[in-house]
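Here is a short briefing on one protein chain. Read it with the structure open beside you.

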Amino acid sequence: MRMKTKMILLFTLTLLLIGCNNFCPGLPAKYVAYLPYTAGQQIVFNNSNNDTLALIINDLILIKDHEISTCGMCECDPQFISVILREKDNPLLFKQMKIRIYLNNSTLSSYITTNNLDNARSQDYFEKKTPVTSLTDTIYLTNIDTPAKIDNITIVKGKGVVSFYDITTNHTWKLIEK
């Protein structure tokens with residue numbers, strides 16, 4: 001009887017340790033297409049004064065399809081893509097812009113934060129939640145934080161960020177397409 005108890009206990013522990021083998025889907029390609037960047041890529045914008053602004057894709061995280069097998073922790077990671085852009089040369093507008101797109105059930109959430117030059121804790125903040133059934137090829141984000149340095153960010157499927165408004169200089173920066 002003692003041996004049987006040990007075997008049951010050993011079997012139960014084994015199931016707990018390896019019992020969860022769960023497939024977790026990554027962010028579907030149709031949503032990744034809103035931020036079609038690669039790490040190290042440079043994107044360039046200009047404004048009506050013909051000034052140029054070069055941004056580098058400093059960091060890119062994309063949750064892809066994966067399996068998890070952990071001790072009782074069988075929840076999948078959120079499906080998202082995250083991109084951090086930094087100005088290539090001397091920063092004029094912001095230290096960094098972080099863009100995240102999450103898929104949560106049937107809602108696509110877009111978040112953007114920027115760390116401003118005057119104070120690393122000062123940020124512009126954008127958030128938009130769109131049901132996937134009403135999603136179009138263009139996402140428009142308006143700043144919900146004040147005082148803001150940038151506003152009216154436009155993201156287009158297949159192109160990424162195509163424009164944003166610089167409140168300080170009163171200019172719209174538009175993507176220079178190659």
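The points below go from the whole chain to single residues.

This is a predicted model. The protein chain has 2 helices and 12 strands. Of its 178 residues, 37% count as buried.

**Overall layout**
- Along the sequence, the elements of the protein chain follow the pattern α-β-α-β-β-β-β-β-β-β-β-β-β-β.
- Take the contacts in the protein chain between residues at least 6 apart in sequence: 46% of them join residues at least 24 apart.
- The protein chain exposes about 10,700 Å². Carbon and sulfur atoms supply 54% of that area.

**Confidence**
- The mean pLDDT of the protein chain is 79. A value of 70 or more is reached by 75% of the residues.
- Where in the protein chain is confidence lowest, and where is it highest? The lowest mean, 61, belongs to helix 1 (residues 2-18). The highest, 94, belongs to strand 12 (residues 171-175).
- Where pLDDT is low, predicted coordinates should not be read in detail.

**Strand pairing around strand 3**
- Strand 2 (residues 42-46) and strand 3 (residues 52-62) pair in the antiparallel sense. Their pairing runs over 5 bridges.
- Asparagine 46 has threonine 52, in strand 3, as its bridge partner.
- Strand 2 and strand 3 form a hairpin, with 5 residues between the strands.
- Strand 3 also pairs with strand 5 (residues 79-87). This pairing is antiparallel too, over 7 bridges.
- Which residue of strand 5 stands opposite leucine 60? That residue is valine 83.

**Two asparagines with positive phi**
- Most residues other than glycine have a negative phi. Two asparagines are worth a look here.
- Asparagine 50 has a phi near 70 degrees, a positive value. Asparagine 50 is found in the loop between strand 2 and strand 3.
- Is asparagine 50 buried or exposed? Its relative accessible area is 61%, so asparagine 50 is exposed, as the cut-off is over 50%.
- Asparagine 152 has a positive phi near 50 degrees. Asparagine 152 lies in strand 10 (residues 150-156).
- Asparagine 152 counts as partly exposed, because its relative accessibility is 40%, which falls between the cut-offs of 20% and 50%.

**Aromatic pairs**
- A pair of aromatic rings is described by the distance of the centres and the angle of the planes.
- How many aromatic pairs are there? The count comes to 2.
- Phenylalanine 45 and phenylalanine 164 form an edge-to-face pair. Their centres are 5.3 Å apart, with 65 degrees between the planes.
- Phenylalanine 45 lies in strand 2 and phenylalanine 164 in strand 11 (residues 160-166), so this pair ties together parts that are 119 residues apart in sequence.
- Phenylalanine 45 is buried, with a relative accessible area of 1%. Phenylalanine 164 is buried as well, with a relative accessible area of 1%.
- Phenylalanine 80 and tyrosine 102 form a tilted pair. The distance is 5.2 Å centre to centre, and the planes are 35 degrees apart.
- Phenylalanine 80 lies in strand 5 and tyrosine 102 in strand 6 (residues 94-104), so this pair ties together parts that are 22 residues apart in sequence.
- Phenylalanine 80 counts as buried, because its relative accessibility is 10%, and buried means under 20%.

Note on methods. Residues numbered from 1 in each chain as written. Predicted model: local features only at pLDDT ≥ 70, side-chain atom pairs only at ≥ 80, totals over all residues. Heavy atoms only, no water. Pairing = 2+ DSSP bridges. Helix = DSSP H or I, 4+ residues; strand = E, 2+ residues; numbered from the N terminus. Buried < 20%, exposed > 50% of the residue type's maximum accessible area, 1.4 Å probe, protein only. pLDDT = per-residue confidence, 0-100. Phe/Tyr/Trp six-rings, centres within 6.5 Å; stacked < 30°, edge-to-face > 60°. Contact = heavy atoms within 4.5 Å. Areas by Shrake-Rupley, 256 points an atom, 1.4 Å probe, with all protein chains shown as cover.
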